Structure formats: structure tokens, C-alpha cells
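Have the model open while you read.

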2 protein chains.
Amino acid sequence: MRVFIVGTGNMAGGIATRALAGGHTVRLVGTDPAKAAALADALGARTDGADVAPAVPDAVGSADMVVLAVPFDAARQVVAEYGDHLAGKTVVDISNPVDFATFDSLTVPADSSGAQQIAAAAAPGTRVVKAFNTTFAGPLVTGEAGGLPLDVFIAGDDPAAREQVAELASSGGLNPVVVGGLRHARELEGMQLLHMALQNRPEGHGWMSALKIVAS
Amino acid sequence: MRVFIVGTGNMAGGIATRALAGGHTVRLVGTDPAKAAALADALGARTDGADVAPAVPDAVGSADMVVLAVPFDAARQVVAEYGDHLAGKTVVDISNPVDFATFDSLTVPADSSGAQQIAAAAAPGTRVVKAFNTTFAGPLVTGEAGGLPLDVFIAGDDPAAREQVAELASSGGLNPVVVGGLRHARELEGMQLLHMALQNRPEGHGWMSALKIVAS
């Protein structure tokens, strides 16, 4: 697949690492072209297949999947600004709409989720999928936590789009877990709120931990 | 601690097993006295310290902790019926208010949780704690899933009551994870909804799986 990643931060690097490990090509775009180029170089040092797009419209047309590897507010802004370009595409929302001042609440209403709000801001036909919101950059780069493959929880209303994201995860050595429709992003964001608060405590789990369903 | 368990089903058995392993005493009560006696016998065969109370009021006065090991509707009914007896006690709600016809929704409003509704039905001063809703009977009996100690996620407004439940978990070989105030029961119930739906699928995780934060 041709995976187009909006964002050049740690999460973009983590998801790009797994996408490249899965044999996909990665195209990056960011507001800072130098940062995008540096990330592509860093990724390209390990594998070929990562390059940089000058802007969202230049790359999205040929992409099989668009990953919004940016914070929630920026992700909503991207889909609002480039909506027509994203129509018909699988668009992956990885965000956690957390009140970072307190780590105690989400910033979206109780009966909604960041993913649903991004879908509401997107052009009709955009296939928004929630994924990777419980897998942070460190574990994504290694592909595991505690020696176990990361679970990638996936919620979306379009079954084909969900399967695309599941394929991205499994090809990169991760364990996709499709939980259902996009409204279940709420539960994923809620649990990750708790997880992030635990990670953020001085004596807490730290940022290399991950949420997983373990089975005997 | 003297742990009083309301309920005689699989969850009562699982929690009693861990409480006894931790050196606590267990008193059981159920609507079917024969079932309560049978469970006490089964538990007593492994360790001493499990007996049966004829009714809730007979046992609760001497209990350090009351575990409502019954479904959500029954738990709410118990606190409503025996509210005065439970005032001042640590009362553990383990329930998942899931729509079992669909496994796709909770039966409580989006801005609430089963635990908060149970607290609202309880007498003032009852110290309701959410715990054990993501750890089912099979893994509780063994104390682990996938070779890892179970995480027991704990939410409650009273720090001392939360610590009591954490002590019950850790003394029984489990890993307590205090996530915060009782309103965070919502996130725990929401994530467990997703987990149960996955467990319930024919090709799913099965009922021996557990939700865990794994760390490198």
C-alpha cells in the first residue's frame, strides 16, 4: 500500500517504521519541510520507500491510506481544510482528545469521540478509521511491549477500510483488533485517557507501555 | 480482612479464591443457600476461612469490605435494599452494565456508569469502588492470563477504600492499578464492553483473556 502520513513527529515516525517493515511505501508531509525531509532520511536509512510530499493535495490522490499523525485539533483542521481531497479515502485518526492540563478528561462530549468529530468535519464518503491511539511511538518503533506484539485497536464504520488498517498493522508485525463501528472510538479514547494518566505519573508505567488483551 | 461477598456464581468464586489466597477470610451470601454452601465447601476444600451468612444484614456489620459479585441490576437492588447496613463500608462493584442482546452498548447513559448509578442508589457514606470488572472468573481462579498477573483496574472517590481494594488484589497475587475517581468507572466499563464483545465472538479471544497494560 501507499501510505500517506500527515505529520512528522514521533507518532509519524513510529507508524512509518511499521509501514515500511510491512513492505509498504510511505510518503510524509508536514508543516516544516525540513523536519519531513529529516524523518524521511532517518526512515530511509533503514529501508527504502519513504519520501516527502510538498503538500497534502500533491500526495493524497495516489495514496491508499492517509494517516493523520497529528494531535486531535490539527487532525480535525486537516480534514476540514483538505476534505475534498480526502473523500473516498481511508483516513486514520490516531488522536487522543485529552485535556493535557489535567490528564483527567477528554475534550469531547461524553456521547462522542475525537474520531466521530473528525468524521463529522470530513467530506462525505471519507472513510474515517480510529487506530493506533493506544500504541505510542516507542513501542511502535520496536513493534512490541513487554515482549508481546502490540495490539492495534481499530474502530470504523467501513469494513473494507477497517480491514486495510488491520492489514497495515499485521504486515508490520502488530496484532490488529477490530472492535466495531466508529462510535466505539469513544471507548478506545476513554481507556487510553486512563492509560496516559498512568503513564504520566512520576512512578507510573512510562511511555513504553501498551494496552493489550492477553490470553492464556 | 474480612471480605463479604454477595453472590455465589463464578465471579464470587473467582474473587473468593484470590481473597483466600491473600490470607483473608471470606463470607458468602446468596439467594440460594444451598449454592452458597456448595461454593463455601468448594473454596474450603482448598483453604479454610470461607463460610456462609444467612442474609446480608447478618454478615455486613463485621465485614471490612463488601463485594457485590452479582450482575449490575442485582447490585443496584442490593445497595438500595440494604443501604443502611452498607453505609460507611467499602462496597466493590464488579459489574458490566452491558446490553447482552447485542454486546454493542452499555445500558447506562453516556455520561454515567454502572458504578456511579450504584453509588447513587446507596446510602450516604457508602464507599463504592469499581474493580474486577475486566477480570473474569477463569483468570481470577488462576490469577493470571497469558502467564502475566492480572491487572485489577480500580476507580473510586475514597482513597482509603481504593487502597483496601488494591490490597485485596495485591495480597492475592494480582496487580492493582488505581485509575482515579469513581467517574472513571465509565472508561473501565466501556473498554470491557469492547473486550467482552471480542471474547463473545466465535473466533474471538475467549473468556480466559484479560485486559492489561504491558510494559517493556
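Start inside chain A: Arg27(A) pairs up with Asp51(A) in a salt bridge, with the closest N and O atoms 2.9 Å apart. That pair ties together distant parts of the chain, since Arg27(A) sits in strand E2 (residues 25-29) of chain A and Asp51(A) in strand E3 (residues 50-52) of chain A, 24 residues apart. Keep in mind that this is a predicted model.

**Salt bridges**
- Over all chains, the structure holds 16 salt bridges.
- Two salt bridges are counted between chain A and chain B.
- In one salt bridge, the side chain of Arg183(A) meets that of Asp104(B), at 2.3 Å from N to O.
- As a general point, side chains of opposite charge can pair when their charged atoms come close.

**How much the chains share**
- Chain A brings 33 residues to the contact, and chain B brings 33 residues as well.
- Between them, chain A and chain B bury about 2,900 Å², with 64% of that on carbon and sulfur atoms.
- Leu194(A), Ile213(A) and Val214(A) supply 20% of the area that chain A buries against chain B, which is more than any other three residues.

**What chain A puts into the contact**
- Ten residue pairs are in polar contact between chain A and chain B, counting pairs with both residues at pLDDT 80 or more.
- On the side of chain A that touches chain B, the elements giving two or more residues are strand E7 (144-145), strand E10 (175-180), helix H9 (185-200) and strand E11 (210-214) of chain A.
- H9(A) gives the most to that side, with eight residues.
- Sorted by type, the residues on the side of chain A that touches chain B come out as 18 nonpolar, eight polar and seven charged.

**Strands across the interface**
- E11(A) runs antiparallel to strand E11 (residues 210-214) of chain B, and five bridges join the two.
- Within E11(B), Leu211(B) is the bridge partner of Ile213(A).

Definitions and conventions:
Residues numbered from 1 in each chain as written. Chains lettered and ligands numbered in written order. Predicted model: local features only at pLDDT ≥ 70, side-chain atom pairs only at ≥ 80, totals over all residues. Heavy atoms only, no water. Contact = heavy atoms within 4.5 Å. Buried area = accessible area lost by both parts, 1.4 Å probe. Salt bridge = Lys/Arg side-chain N within 4 Å of Asp/Glu carboxyl O. Polar contact = N/O pair within 3.5 Å; in protein donor to acceptor, adjacent residues only side chain to side chain. Helix = DSSP H or I, 4+ residues; strand = E, 2+ residues; numbered from the N terminus. Nonpolar A, V, L, I, M, F, W, Y, C, P; charged D, E, K, R; others polar. Pairing = 2+ DSSP bridges.
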